[in-house]
Amino acid sequence: MTTTKGKIQVLVVDDSAVVRQVLSRELARAEDIEVMGTAPDPYVARDMIVENRPDVMLLDLEMPRMDGLTFLKKIMKYYPLPVIIVSSLTPKGGELALEAMNSGAVEVLCKPGSALSVNDMSADLIQKIRAAARAKVGIAQPQAPPGGVRREIRISQAGMTHTVIAIGASTGGTQALQTLLMAMPSGSPGIVVVQHMPEHFTASFAQRLNQLCDIEVREARDNDSVLPGLALIAPGNYHALVKRSGARFYVQVKGGPLVSGHRPSVDVLFKTTAQAAGKNALGVIMTGMGRDGAAGLLAMRENGARTIAQDEQSCVVFGMPKEAIKLGAAEFTLPLGSIANKVVDLVNTRAA
């Protein structure tokens with residue numbers, strides 16, 4: 001087949017002819033993207049991948065003949081390429097999507113439906129395809145040791161109570177966050193996380209992390225206190241703001257317009273953390289496309305917080321950390337496997 005040189009070549013795999021048609025029509029709006037083919041099932045898709053090697057694949061998970069998750073595992077073994085999961089907005093869809101992310105998919109997106117209009121989906125889809133086309137597929141993620149970082153933890157009680165750790169991530173962030181949070185000791189200061197992810201999927205993501213980590217991990221609820229040993233994940237489609245009332249830090253969960261192109265926005269988390277916690281905060285910006293979080297991390301540093309950016313080699317997409325580094329917002333630039341130790345070092349130093 002003939003393709004246009006320079007455009008991102010996309011393969012759409014979905015058993016629904018309507019979905020294939022809608023996705024193809026919406027992607028035709030982007031000048032730098034071309035749908036090189038569509039496939040109703042994995043067997044047809046496999047032949048198209050072998051013959052034409054697309055840059056990005058959009059993959060449904062629930063299909064006849066072979067489910068999308070099984071197909072994804074086979075493709076990542078023999079013909080690895082960036083894959084975006086296009087899944088139903090259901091609890092089951094969320095669990096399958098997370099399993100797919102652990103199997104090598106780089107992004108997840110909700111199908112248009114009652115909760116998401118086609119217009120809402122289109123802009124997000126195009127942005128995710130551009131990020132996926134630049135993603136490093138199959139990079140090895142460091143494994144966190146069981147029981148947190150393997151060294152003495154000297155976080156004082158005072159340090160734990162009055163420190164807030166804010167973390168932001170996007171493309172590639174689910175695996176990176178798993179690595180980081182699994183390495184955090186049970187007595188860690190309170191953590192608030194923004195991971196760009198659709199509504200409802202964040203609950204499944206938090207539940208999975210909670211099963212793997214020493215610290216408690218759950219989706220944030222409005223007015224939740226930020227407590228030692230607890231990580232709160234901002235719910236999809238809502239912003240998470242850190243607030244202070246006396247000596248208590250808490251999270252405000254609210255709607256509102258997109259900020260820096262996202263809801264939840266890393267910039268919103270970082271800027272409100274800077275205002276509420278000042279030098280008692282620590283910010284970490286991780287893998288992801290775009291610049292969400294860069295200005296917020298700069299605000300944190302200017303208010304006295306310690307700040308860390310994930311380095312290029314360990315990022316799936318070196319976008320958000322790169323922008324933060326360019327602004328001078330990152331005090332340290334570190335590989336993923338070193339971030340947890342540095343966080344503990346910095347908290348211990350402040351508590352000493």
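In strand E2, Gly37 is the bridge partner of Leu11. The two strands involved, E1 (residues 8-13) and E2, pair in the parallel sense over six bridges, where pairing requires at least two DSSP bridges between strands. Between them the chain passes from E1 through helix H1 (residues 17-27) to E2, a right-handed β-α-β crossover; right-handed means that, with the strands pointing away from the viewer, the path from the first strand over the helix to the second runs clockwise. Helices (H or I, at least four residues) and strands (E, at least two) are DSSP runs numbered from the N terminus.

The model is predicted, with local features needing pLDDT of at least 70, side-chain atom pairs counting only at pLDDT 80 or more, and totals for chains, interfaces and linings using all residues. Residues are numbered from 1 along each chain as its sequence is written, and side-chain values use heavy atoms, without hydrogens and water.

Five strands make up an open, parallel sheet in the order E2-E1-E3-E4-E5. E2 and strand E5 (107-110) stand at the edges with a single partner strand each, so one side of each has no neighbour in the sheet. Even so placed, E2 (residues 33-39) is mostly covered, with five of its seven residues buried (under 20% relative accessible area, 1.4 Å probe, protein chains only).

Terms used
Buried < 20%, exposed > 50% of the residue type's maximum accessible area, 1.4 Å probe, protein only.
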